[in-house]
Amino acid sequence: MDTDQVRGKWDATKGACPTRQVLGRIGDTWTMLVISTLEKGGTLRSGQLKSIIEGITQKMLTQTLRHLERDGVVRREVVPTVPVTVSYTLTPLGLSLAAAVATMRTWAYDHMDEIAAARTEYDANL
């Protein structure tokens, strides 16, 4: 099946399309930061992720990791130590998403000055 046929199966503009939920999840700030951090850091424990990603709460980190694990983007590994050690790694699916996240991050870095200027102009005209 060619790419156009596969893409024709989905339409995120339709309320019942499951891709809408996926797009909402992967477009989330915390999701993007977790994916970026795992891409750069490799396998990391929850505490390491929390210390690297400034501002994320333990609750939000846990929810984000659970969603990513459910979607097959992150693999959770439990090591039976005392205390138990849990680590997270991007799956091949996660690595493919990390490439898209990196593109979006680069775009934001490249255009941040323009965005800041547009915001200043907009705010001045309120």
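Val-74 lies in strand β2, strands (E, at least two residues) and helices (H or I, at least four) being DSSP runs that are numbered from the N terminus. The model is a predicted one, in which local features need pLDDT of at least 70 and side-chain atom pairs count only at pLDDT 80 or more, while totals for chains, interfaces and linings use all residues. Residues are numbered from 1 along each chain as its sequence is written, and side-chain values use heavy atoms, with hydrogens and water left out.

With a relative accessible area of 3%, Val-74 is buried, where buried means under 20%, exposed over 50% and partly exposed in between, for a 1.4 Å probe and protein chains only. Leaving aside residues up to four places away in sequence, Val-74 touches Leu-38, Leu-68, Glu-69, Tyr-88, Thr-89, Leu-90 and Thr-91, a contact being heavy atoms within 4.5 Å. The C-alpha atom of Val-74 is separated by 12 Å from that of Thr-62, which is twelve residues away along the chain.

## Confidence

The mean pLDDT of the protein is 92, and 94% of its residues reach 70 or more; pLDDT is the predictor's confidence in each residue, from 0 to 100. Over residues 1-5, pLDDT stays under 50, and for this stretch the model has one contact beyond four places in sequence.

## Packing of helix α3

Two packed helices are described by the angle between their axes and the distance between the axes. The axes are lines fitted to C-alpha atoms, for helices over the stretch in contact, and angles run from 0 to 180 degrees between N-to-C directions. Helix α3 (residues 29-41) and helix α5 (residues 58-70) have axes that come within 10 Å and cross at roughly 75 degrees. These two helices are therefore roughly perpendicular to each other, since angles of 65 to 115 degrees count as such, those under 35 as roughly parallel, those over 145 as roughly antiparallel and the rest as oblique. Trp-30, Thr-31, Val-34 and Ile-35 of α3 make the contact with Met-60, Leu-61, Thr-64, Leu-65 and Leu-68 of α5. By class, these residues divide into seven nonpolar, two polar and no charged, with Ala, Val, Leu, Ile, Met, Phe, Trp, Tyr, Cys and Pro counted as nonpolar, Asp, Glu, Lys and Arg as charged, and the others, Gly among them, as polar.

Helix α3 also packs with helix α6 (residues 92-124), at an angle of about 110 degrees and with the axes 9 Å apart, which makes α3 roughly perpendicular to α6. On the α3 side the contact is made by Met-32, Ile-35, Ser-36, Glu-39 and Lys-40, and on the α6 side by Gly-94, Leu-97, Ala-98, Val-101, Ala-102, Met-104 and Arg-105. The contact of α3 with α6 has seven nonpolar, two polar and three charged residues.

## Salt bridges

The structure holds two salt bridges, each defined as a side-chain nitrogen of Lys or Arg within 4 Å of a carboxyl oxygen of Asp or Glu. In one of them, the side chains of Arg-25 and Asp-71 meet at 2.7 Å, N to O. Arg-25 lies in helix α2 (residues 18-26) and Asp-71 in the loop between α5 and β2, so the pair ties together parts that are 46 residues apart in sequence. Arg-25 counts as buried at 13% relative accessibility, whereas Asp-71, at 30%, counts as partly exposed.

Glu-77 forms a salt bridge with Arg-75, and their closest N and O atoms are 3.8 Å apart. Glu-77 counts as partly exposed at 37% relative accessibility, and Arg-75 counts as partly exposed at 42%.

## A cis peptide bond

Val-82 and Pro-83 are joined by a cis peptide bond, with omega about -5 degrees. Pro-83 lies in the loop between β2 (74-79) and β3 (85-90).
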